[in-house]
Amino acid sequence: MTAQGKMTAATDRTMLEQVEARLLWLSHWMIHHANHIRPSDDAIKIGGHQASSASMVSILTALYFSVLNSRDRVAVKPHASPVFHAMHYLMGRLDRAPMENFRGFGGVQSYPSRTKDHDDVDFSTGSVGLGVAMTSFAALIQDYVAAKSWGADLTAARMVALMGDAELDEGNVYECLQEGWKHDVRNVWWVIDYNRQSLDGIVHEGLWERAERVFEAFGWDVVRIKYGRLQQAAFAEPGGAQLKDWIDQCPNQDYAALTFMGGAVWRQRLLDDLGDQGDVTRLIESRSDDELSALMENLGGNCVETLAAQFAAITHDRPVCFLAYTIKGWGTPIAGHKDNHGGLMTPQQMQAWQARMGVREGHEWDPMEAVPDPAAFRAFLDDVPFFAATSRRLDDVVVPVGDISLPAGGTMSTQAGFGKILDMIAKSDTDLAARIMTTSPDVSGTTSLGPWINRRKLFAREARPDLFRAQNIPSTAKWEFAADGQHIELGIAEMNLCLVLAAAGLSHRLFGKRLLPVGTVYDPFVCRGLDALNYACYQDARFMIVGTPSGVTLAPEGGAHQSIGTPLIGMSQDGLAAFEPAFVDELAVIMGWAFDYMQRDGDSAGAEHSTGWLRDATGGSVYLRLTTKPLDQPGRRMTPGLAADIIKGGYWLRPPGPNCELVIAYQGVMADEAIAAAGMLGEQRRDIGVLAITSADRLNAGWTAAHKQQASGNATAQSHIETLLAPMHRDATLISVIDGHPATLSWLGGVYGHRLISHGVEHFGQTGSIDDLYRHFGIDRHALVTSALQHTPPRRRQV
Ligand SMILES: Cc1ncc(C[n+]2csc(CCOP(=O)(O)OP(=O)(O)O)c2C)c(N)n1
Ligand SMILES: [Mg+2]
């Protein structure tokens, strides 16, 4: 190295150490402020962040201030949120007010949040393990996009996860490793904050060995960052090898406890174990207590210089796992204590520490406080490549959807209709067809994606022909992989499905290239991916998830595959508009709307899309619950009015007459049972209405939103369900039916206080024919008729 080079490296080290000190201080000050200074009427003190943040200060410093560029994307472990935000504050990208309001309403969030934080979060974290896996799928989507003609200008960036070691307990981490290996994933870095502590305690000895073997098995490079600069220098001194040996042998618990107790205790213990051994004794004795604890705490993951050098040494695009040894609570008085996850410095501890950090009273929020040469430091910060971009939140133009309709007569299931609609789009040479990306956890064929895949192929970076085709063996499914392929084949793990949808659904934000992702899954297994689905919605990823087949209607498929609660999931999941159409023309309307809805962005779409108070202008994701049971199609003309009602959530299939005593409300596949029951009752009850519900979710959301409008003074606010049910006489009875949990529709009785008898499914697991099961659960036409006769008075004799 030249003298000049040495100078620069040393200056950089000093600068990085100053950044590190600033982040350590500011992050802890914001936590302290929230706990001890901000007036708050809740007495509960908040822990969890302090020790966990300190652990990662060096890693964030080295990455953001020395290695990353502004295209790189990072998932930061939940409890490092204060360090992450302190960094933006230091860079002048975040105001003091939200910092002071950490964990308060509208303030900096407890865990980095794409949607709720004020600064530049790439991936939300919170549910541990998901942010980690998200980076691997974002890398896959990056490859997918870059392989397309419209995405070829994308420059590859690194997708980085800064993760806690206890995140390795989450199964979805391993599921994604396997999937990533299948897709030859690249440009992914995971930096494990190996502080050997989780929430409750200290992790098992030797975790690193298992972790290394797992990563290597899936083709990752593993870089162990165990010793910092001071330790490396000490190891080179006479006796250093013995010290290194001692460190390597020291159990995690011991190391943590000694760290907590500090220099004098370190000395005592080291001399007990290594005393009177000549060189090594001299090595220990030549250091003061403070120097000794600084040496022992100088693990690789707490040494910015070592970290920066190790990161910078990676010049390939293979996935890399960095195992960075750290000390939880590093640099603070609570370092190493096994209870420190929820631990907080006391005001007294804080005061002493503040003095040690050289921060003057009243200057706690000053970004440049305790910086020896503010001008030089500012100049260094101004040159940090990661912060060069003014905005890292990208966007892409809206893809026109055009007209999606399907001339449907005869008999068809919604699942078959879904396959046909996608096939129709696949045949077209439109932007819509180009930007749709499908994916499925090993059920693409059985969820009717076959025709789409035949036309649009599977995605792989390296083309692979369909060998069966090449050998002229007849098969209905083409299974050809190509770089321009538009279906991502997944193994069975549904968490991975939802994480791919999350990553693809953020493609416009991350890569500036919009995708319209469509994922299919057997409806009951929506629950298997549910936390990842929730995670995807929380980040405002935009996608369509199709649960099919569903309910007990998939009867012969097997009792264990029946879904009961998914309609309630559809209603309760924030960010997801759920539909369960009965007829294929409804489905076509819904899909056309959905592809547009997925692209809306409250800021730009304005009020023009608003229907009622459904927050339609903001857009969101869509869940379709479909079925394989064919129904006779109505063969009607789709009018704009009908289409609008389908999107609002319901319409009168048969409007109630003037003397209506009974309304049968159905959702989805129960249409034919409801229609048949109405027919059977026609002789005995007058003017029966049949209410088609395409989305209990949107009807219900409209209803509660209207109430809020009314409460805030808008007396004329009326929701769609109120409009629909207005003509129903107060004494008339509602009978609801759904192939799912009856609570989905039972709230309809609360709209105007109609008596409501709900039919649905509360138990599962029984196989049988559809008729058997409908009868068994009392959702068949006969059960509806019996209910109706029981709960509505007999028709009065005409005089
Ligand atoms: C899915 C999930 N389960 C439980 C939690 C609660 N939780 C938050 S942090 C944590 C332990 C984290 O340990 P580690 O990842 O090692 O991070 P550290 O605090 O050591 O930095 C737990 C159990 C969570 N956030 N997500
Ligand atoms: Mg840990």
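Visitor: How are the donor residues of the magnesium ion (ligand 2) spaced in sequence?
Guide: This is a predicted model. In it, the magnesium ion (ligand 2) is coordinated by D165 through OD, N195 through OD1 and Q197 through O, at 1.9 to 2.2 Å. Written as a pattern along the sequence, the spacing of these donor residues is D-x29-N-x1-Q.

Visitor: Is N195 buried or exposed?
Guide: A residue counts as buried when its relative accessible area is under 20%. The relative accessible area of N195 is 6%, so N195 is buried.

Visitor: And Q197, is that residue buried or exposed?
Guide: The cut-off for buried is again under 20% relative accessible area. Q197 has a relative accessibility of 4%, and therefore counts as buried.

Visitor: How many salt bridges are there?
Guide: Side chains of opposite charge can pair when their charged atoms come close. The rule used here asks for a side-chain nitrogen of Lys or Arg within 4 Å of a carboxyl oxygen of Asp or Glu. By this rule the number of salt bridges is 43.

Visitor: How many residues apart in sequence are the parts that R186 and D317 tie together?
Guide: The side chains of R186 and D317 form a salt bridge, at 3.7 Å from N to O. R186 is in the loop between α6 (171–182) and β3 (188–194), while D317 is in the loop between α14 (304–312) and β5 (320–325), so the parts they tie together are separated in sequence by 131 residues.

Visitor: Which residues are linked in a network of salt bridges with R186 and D317?
Guide: R186 is partly exposed, at 25% relative accessible area, and D317 is partly exposed too, at 33%. Their network of salt bridges also links D143, D184 and R461.

Visitor: In the salt bridge of R360 with E369, is E369 buried or exposed?
Guide: The closest N and O atoms of R360 and E369 are 2.7 Å apart. R360 has 48% relative accessibility and counts as partly exposed. E369 has 5%, so E369 counts as buried.

Visitor: How many residues apart are R509 and D601?
Guide: The side chains of R509 and D601 meet in a salt bridge of 3.3 Å, N to O. This pair links distant parts of the chain: R509 is in helix α22 (residues 507–511) and D601 is in the loop between α25 and α26 (602–605), a separation of 92 residues. R509 counts as buried, at 18% relative accessibility. The separation asked for is 92 residues.

Visitor: Is helix α25 roughly parallel or roughly perpendicular to helix α27?
Guide: Helix α25 (residues 584–597) packs with helix α27 (residues 640–648) at an angle of about 70°, their axes being 10 Å apart. Angles of 65 to 115 degrees count as roughly perpendicular. Therefore α25 is, relative to α27, roughly perpendicular.

Visitor: How far apart in space are Q573 and H729?
Guide: In sequence, Q573 and H729 are 156 residues apart. In space, from C-alpha to C-alpha, their separation is 33 Å.

Note on methods:
Residues numbered from 1 in each chain as written. Chains lettered and ligands numbered in written order. Predicted model: local features only at pLDDT ≥ 70, side-chain atom pairs only at ≥ 80, totals over all residues. Heavy atoms only, no water. Axes fitted to C-alpha atoms, helices over the stretch in contact; angles between N-to-C directions. Helix = DSSP H or I, 4+ residues; strand = E, 2+ residues; numbered from the N terminus. Parallel < 35°, antiparallel > 145°, perpendicular 65-115°, else oblique. Donors = N, O, S within 2.8 Å, 3.2 Å for Na, K, Ca; no water. Buried < 20%, exposed > 50% of the residue type's maximum accessible area, 1.4 Å probe, protein only.
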